Amino acid sequence: MYASKLTDAHTAVEQVESRSTVALGQAAGQPPALMRALADRARAGEIDEVKLYYFHAEQPMQDSLLRYELMGALRPHSMFLQRAERELIEQGDRDGRKVVSFVPTAFSQSIRLFADAIPVDTFLVTVSPMDSSGYFTFGTNNDYTSSVARQAKRLVVEVNTHMPRVFGASALHVSEVDAIVEHDEDLPELPQRPIGDVDRTIARRVAELVPEHACLQIGVGGLPQAVCEALDDRTDLGIHSEVLTPALAGLIESGVVTNRYKTTHRGASVFTFAMGDRAFYDFLDDNRGVESHPVDHVNDPAVIALNDNVVSVNSTLEMDLTGACNSEWINGHQYSAAGGQVDFVRGAYNSTGGLSVIAFASTARGGTISKIVPRLSGPVTTARNDVHHVATEYGMVDLKGLSSTQRAQSLIALAHPDHRAELTGAARERHLI
């Protein structure tokens with residue numbers, strides 16, 4: 001069966017037609033050879049107005065499908081903007097063209113979104129090699145990938161020996177696949193961001209909230225990594241996280257994480273997508289202590305809340321004086337997306353003993369811009385009703401139960417001193433204090 005479906009990348013994408021819809025795996029699950037072959041067809045004028053749906057485009061997709069000269073022939077519909085899309089949008093604005101579309105969604109709802117509203121003609125994804133029983137795995141990326149791949153009319157997989165074999169609900173049988181391409185290429189890696197003094201200060205505050213036996217959800221970046229480092233004296237922590245990172249893997253390898261006290265998926269660290277370096281991918285490979293599951297399971301607030309003492313740590317771009325978060329919009333433009341922040345903020349709060357933290361440096365651009373603001377400049381990603389603990393380098397506050405006046409006063413105290421007078425004046429104008 002495998003041999004009968006094996007082909008080369010260019011042949012595999014020949015059935016992609018103009019004005020059809022192609023969805024791709026995200027991040028490390030995006031297939032380089034198939035993407036380059038599809039880009040070649042667009043460059044040759046063989047296809048036009050092909051819609052591309054995806055989250056998190058990494059370098060291989062940026063170098064192939066997300067090229068300005070291919071816009072029009074290819075029409076990206078991104079659900080999580082990154083640098084490549086932002087640059088395409090800026091260039092399109094200069095030329096008076098609309099080249100990239102953004103599709104808002106909560107990460108947990110993405111599978112249903114595809115099922116209800118986005119019929120997919122072709123799905124392209126990287127998988128780990130097939131085992132003796134005929135099963136590939138989706139490796140680093142379960143998220144929407146494992147479900148939408150099966151919703152598509154045609155599924156094409158790119159087998160890469162560098163893709164780790166992962167347990168959980170990640171298996172894909174060869175009988176479910178329409179075409180197979182073999183191509184070995186190093187997976188995209190997530191650069192480790194430097195940890196600054198401000199990150200470490202905030203991380204120490206956040207770590208104070210994490211009890212023994214807590215179940216963690218922590219994101220990516222310098223601050224989340226600093227939080228993980230600050231937890232090295234805990235015992236028997238668990239992991240149920242949207243993303244699994246090298247920092248969380250370090251807690252597993254050191255024995256801090258055992259998952260012994262989880263009430264769901266006990267004994268396993270659970271994630272829906274993962275990204276890191278080569279050593280991290282080796283850690284994932286054939287590791288029975290780690291499981292991946294679809295995002296509508298991992299990010300379901302009801303599932304999150306099944307575990308006790310869930311601690312969710314996320315960040316934001318700006319927070320207003322009542323606690324509302326804008327985590328996706330900068331300078332009048334969409335910058336990233338909501339992701340799963342709201343999923344885990346709500347799931348953690350509904351957990352017995354659980355809590356969420358929105359942690360961020362108080363300023364940006366060398367202290368010239370306050371991230372605590374009188375009014376958000378973009379959409380509300382996480383509503384003030386949902387925000388629980390807030391931490392900056394100047395302190396931490398639990399917003400639950402506080403009046404609007406108390407919230408404003410507390411958040412002004414978490415702002416950089418250079419911005420507090422202006423924020424106080426704005427609070428008075430808005431009748432908050």
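Reader: Before we start, what does "buried" mean here?
Author: Buried means under 20% relative accessible area, taken over protein chains only. Please bear in mind that this is a predicted model.

Reader: Then is Cys325 buried or exposed?
Author: Cys325 has a relative accessible area of 0%, so this residue is buried.

Reader: And Cys215, buried or exposed?
Author: Cys215 counts as buried because its relative accessibility is 3%.

Reader: How many disulfides are there in the whole structure?
Author: The search of the whole structure finds zero disulfides.

Reader: Let me change topic. What is the order of strands in the sheet with S17?
Author: The order is S18-S17-S24, an open sheet of three strands with mixed pairing.

Reader: Which strands stand at the edges?
Author: Strands S18 (325-326) and S24 (372-373) do. Each has a single partner strand, so one side of each is without a neighbour in the sheet.

Reader: In what sense do S17 and S24 pair?
Author: S17, residues 318-320, pairs with S24 in the parallel sense over two bridges. Met319 stands opposite Ile372 of S24.

Reader: Lastly, what does UniProt say about residues 2-185?
Author: The unreviewed UniProt entry annotates them as "domain: Acetyl-CoA hydrolase/transferase N-terminal". In the model, this span is 29% helix and 23% strand, and its end C-alpha atoms lie 20 Å apart.

How values were computed. Residues are numbered from 1 along each chain as its sequence is written. This is a predicted model: local features need pLDDT of at least 70, side-chain atom pairs count only at pLDDT 80 or more; totals for chains, interfaces and linings use all residues. Side-chain values use heavy atoms; hydrogens and water are left out. A disulfide is a pair of cysteine sulfur atoms within 2.5 Å. Buried means under 20% relative accessible area, exposed over 50%, partly exposed in between (1.4 Å probe, protein chains only). Two strands pair if DSSP finds at least two bridges between them. Helices (H or I, at least four residues) and strands (E, at least two) are DSSP runs, numbered from the N terminus. UniProt positions are given in the numbering used here, feature names are shortened, and annotations may be inferred rather than shown by experiment.
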